[in-house]
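Have the model open as you read.

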Amino acid sequence: MRRVAHAVAQAELAFGSAGVAARWEETFHELLAGLDFLPNSPTLMNAGTPLGQLSACFVVPIDDTMESIFDALKAMALLQRSGGGTGFSFSRLRPRGDALASTGGEASGPVSFMRIFDCATQNIKQGGRRRGANMGVLRVDHPDVLEFVDAKLSGQSLQNFNLSVAVTDAFMRAVGRGEDYELAHPRHRRPVGRRSARAVFDRIVDAAWRSGDPGLLYLDAINRANPTPALGEIEATNPCGEVPLLPWESCVLGSVNLAHMVRGEADLDWDRLRRAVRAGVRFLDDVIEVNHDPLPEVAAMTRGTRKVGLGVMGFAESLILLGVPYDAPDAIAWADRMMAFIASEARAASRELAATRGAFPNWTSSIPAATGERQRNAALLSIAPTGTLSIIAGTSGGIESLFALAYRRAHTLGGPPLVEVNPVFLRHAQARGLAVDEVIARVLARGTLRDAPGVPETTRRLFVTAMEMDVHRHLLIQQAFQRHVDNAVSKTINLPEDAEPDDVARAYLEGWRLGLKGVTIYRSGSRAGQVLTLGTGEEAAAREVFAKCDPGACVL
C-alpha cells in the first residue's frame with residue numbers, strides 16, 4: 001500500500017510542490033491501508049515497479065483487413081502481458097463465406113478469428129501473474145450472429161472470452177412484436193437478409209441458459225450516454241462489461257468499501273464516504289498521469305478523455321450491517337441514495353480538478369461542454385465486480401448479493417480453491433446466541449439458511465443469497481445504481497440450477513426495458529470450473545478448522 005500510494009502521489013508534482021505530493025501520499029496510504037478504497041489490480045501490482053502499467057481494461061479496434069486483425073492480436077498480447085483485460089467488437093469483419101477479392105477464396109468469419117485470439121490469450125498471463133481476459137462483441141444484425149451465439153456451447157471453445165451480443169432498440173422492439181429484422185453486411189451496411197427477431201432472441205436465451213454466454217449489451221443505451229460522440233461510436237466494453245470504451249481507450253478503476261461506511265444500524269458515515277469518494281477520484285486521475293501506457297494509440301485516447309471508473313464494493317455487506325435484506329424495497333432505496341451521493345461528490349471532485357488542472361483535452365467537443373460543465377474526466381463512475389479487491393478488503397464483491405454463506409472460491413491467482421464462511425454471518429450468529437455449530441454445519445453443507453431449523457426468520461431474510469431471489473429484484477438493484485453511473489454496471493443475475501430458459505428471457509427483456517446498458521446471467525452448474533461453488537462439500541474438515549478460527553475473519 002505504501003508503494004502504491006507513493007508512486008501514484010508523484011503525479012501531484014506536475015501540479016504542485018513536493019509538500020503537496022507528500023500530503024496526498026499520506027492521504028492515499030491511509031485510504032488504501034484502511035481498506036476504505038482500493039484501485040484495480042494492475043495498479044496494486046504494478047505501481048512503483050518498472051512495468052508501471054496501471055490500467056485495468058482496454059478496447060482494441062478491429063477492421064476488416066488481415067493487417068488490422070493481426071495488429072489487434074499483437075496489441076492484445078502486449079496489453080495482456082502488462083496486466084490489462086481487452087475488449088473487441090468483431091462486428092466489422094465480413095461473414096463466413098463472403099468472397100475475397102484478393103485471393104478469390106472465401107472469408108472464414110469473425111468466430112474463426114476469435115479462436116486465434118483465444119489461443120493467444122491462453123498462453124499469456126496478465127502482467128506475468130494471471131491469465132488474460134477478453135470481451136468479444138458482435139452486433140445482432142451481423143450475418144454470423146447465430147454462429148457467435150453458439151460459439152461456447154461445446155464447453156471447450158473461447159474459454160478466455162466473455163461473449164456479448166450487441167442488440168439495438170429496434171431489435172428488442174421486433175422481439176416484442178414478433179417481427180423480422182434486417183441483417184446488414186458489415187462492410188457497406190446494406191441489408192443482406194432477414195431473420196425472425198424472436199427466433200434469434202430465443203437462440204441467445206438458450207445458449208445463455210446452457211453455458212452462461214452470451215450476455216446482452218444494449219448498444220443504443222450505451223451510445224446515448226457516450227460523453228464524446230464526436231470521437232466515434234462505442235462498439236465494445238471491457239471484459240466484465242462495466243466500462244464501454246471507444247477504440248484504443250483504457251480505463252482505471254477503483255472501488256469504495258461501503259461496508260466501512262456504515263455507522264450503527266441506521267445510517268452511513270456520510271462524511272467518511274465523501275472523503276473516500278473525493279480522494280478516490282483524485283487518486284484515479286493521478287493514476288492516469290503516472291501510468292506507463294503500453295501503446296501510443298492508448299496514450300493518446302486515454303489522456304484525451306481521462307476516463308475513470310470509481311465504484312463500490314461491499315454493498316451487500318453494508319445492507320446487512322444496516323439490517324436491510326438485499327431483496328427488500330429498502331435495499332433499492334439505499335442503493336439509489338448511496339450512488340446518488342457518490343455521483344454528486346465525484347462530479348464535484350472532477351470539477352475541482354478541472355479548475356486547477358484543466359478539463360480533459362477533448363472537452364470542447366464533448367457533451368459536458370454543451371452544458372458548460374468543465375470536468376477533468378469524461379466519465380467518472382463504474383461498478384466493477386471487484387473479484388480480487390473484495391477478497392483483499394474482506395467484503396462482498398461490487399454490488400452483488402451474497403452468493404452463499406459458505407462456498408469454495410477458485411483462486412484468482414492460481415493455487416487451490418479457498419473455502420470461505422461469511423464472517424458477518426458468523427458474528428451475527430454468535431451475537432444472536434444461535435447454535436453456531438449446528439447452523440454452521442448446515443451452511444457448510446448447503447451454502448444458505450433456507451429451511452435451517454432454529455434460525456429466526458429475520459436472520460434468514462437478512463442473509464438471503466443470490467439464488468434465493470427473483471430476477472426482478474436483481475435487476476432493480478442494478479437499475480438503482482445505473483441511474484447514477486455514467487459508465488455501466490457489472491452485476492450477475494444468478495439463477496439456480498433448476499431455473500428455466502424463460503427466467504433468462506425475462507432478465508434480458510426486463511433489463512432492456514429498465515434502461516440498463518447490459519445484462520449478464522449465470523445459471524449455477526451451467527459451466528465447468530465456475531468461480532464460486534455453493535456449499536463447501538467439506539463439512540467435517542471445515543467444521544474442525546472453524547472451531548479454531550477467528551469468527552471475525554474466517555477463511556478456512
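Helix 13 (residues 329-357) and helix 19 (residues 471-482) have axes that come within 8 Å and cross at roughly 20°. That angle makes helix 13 roughly parallel to helix 19, and the crossing is right-handed. On the helix 13 side, the contact uses Pro-329, Ala-331, Ile-332, Ala-335, Asp-336 and Met-339, which meet Arg-473, Leu-476, Ile-477, Ala-480 and Phe-481 of helix 19. By class, the contact of helix 13 with helix 19 has 9 nonpolar residues, no polar ones and 2 charged ones.

A word on the ground rules. This is a predicted model, in which local features need pLDDT of at least 70 and side-chain atom pairs count only at pLDDT 80 or more, while totals for chains, interfaces and linings use all residues. Residues are numbered from 1 along each chain as its sequence is written, and side-chain values use heavy atoms, with hydrogens and water left out.

As for terms, helices (H or I, at least four residues) and strands (E, at least two) are DSSP runs, numbered from the N terminus. Axes are lines fitted to C-alpha atoms, for helices over the stretch in contact, with angles from 0 to 180 degrees between N-to-C directions. Angles under 35 degrees count as roughly parallel, over 145 as roughly antiparallel, 65 to 115 as roughly perpendicular and the rest as oblique. A crossing is right-handed if the near helix is turned clockwise from the far one by less than a right angle, and left-handed if anticlockwise. Contact means heavy atoms within 4.5 Å. Ala, Val, Leu, Ile, Met, Phe, Trp, Tyr, Cys and Pro count as nonpolar, Asp, Glu, Lys and Arg as charged, and the others, Gly among them, as polar.

| Helix pair | Axes come within | Crossing angle |
|---|---|---|
| helix 13 and helix 19 | 8 Å | roughly 20° |
| helix 1 and helix 2 | 8 Å | roughly 145° |
| helix 10 and helix 13 | 9 Å | roughly 45° |

Helix 10 passes helix 13 in a right-handed crossing, and the residues of their contact divide into 12 nonpolar, 1 polar and 9 charged.

The crossing of helix 1 and helix 2 is right-handed. Helix 1 brings Arg-2, Val-4, Ala-5, His-6, Val-8 and Ala-9 to the contact, and helix 2 brings Ala-21, Trp-24, Glu-25, Glu-26, Phe-28, His-29 and Leu-32. The residues of this contact divide into 8 nonpolar, 2 polar and 3 charged.

Past helix 2, the loop to strand 1 holds Leu-35, which has a positive phi of about 60° although it is not a glycine. In that loop too is Asp-36, while Arg-272 lies in helix 10 (residues 270-290), so the pair ties together parts that are 236 residues apart in sequence. Their side chains meet in a salt bridge (2.8 Å, N to O). The structure holds 39 salt bridges, each a side-chain nitrogen of Lys or Arg within 4 Å of a carboxyl oxygen of Asp or Glu.

Next, the hairpin. Strand 8 (residues 180-184) and strand 9 (residues 191-196) run antiparallel and are joined by 5 bridges; two strands pair if DSSP finds at least two bridges between them. Asp-180 stands opposite Ser-196, and Glu-182 opposite Arg-194. There are 6 residues between the strands, and Arg-189 takes a positive phi near 60° there.

Finally, a cis peptide bond joins Asp-213 and Pro-214, with omega about 0°. Pro-214 lies in the loop between helix 8 (197-211) and strand 10 (215-218).
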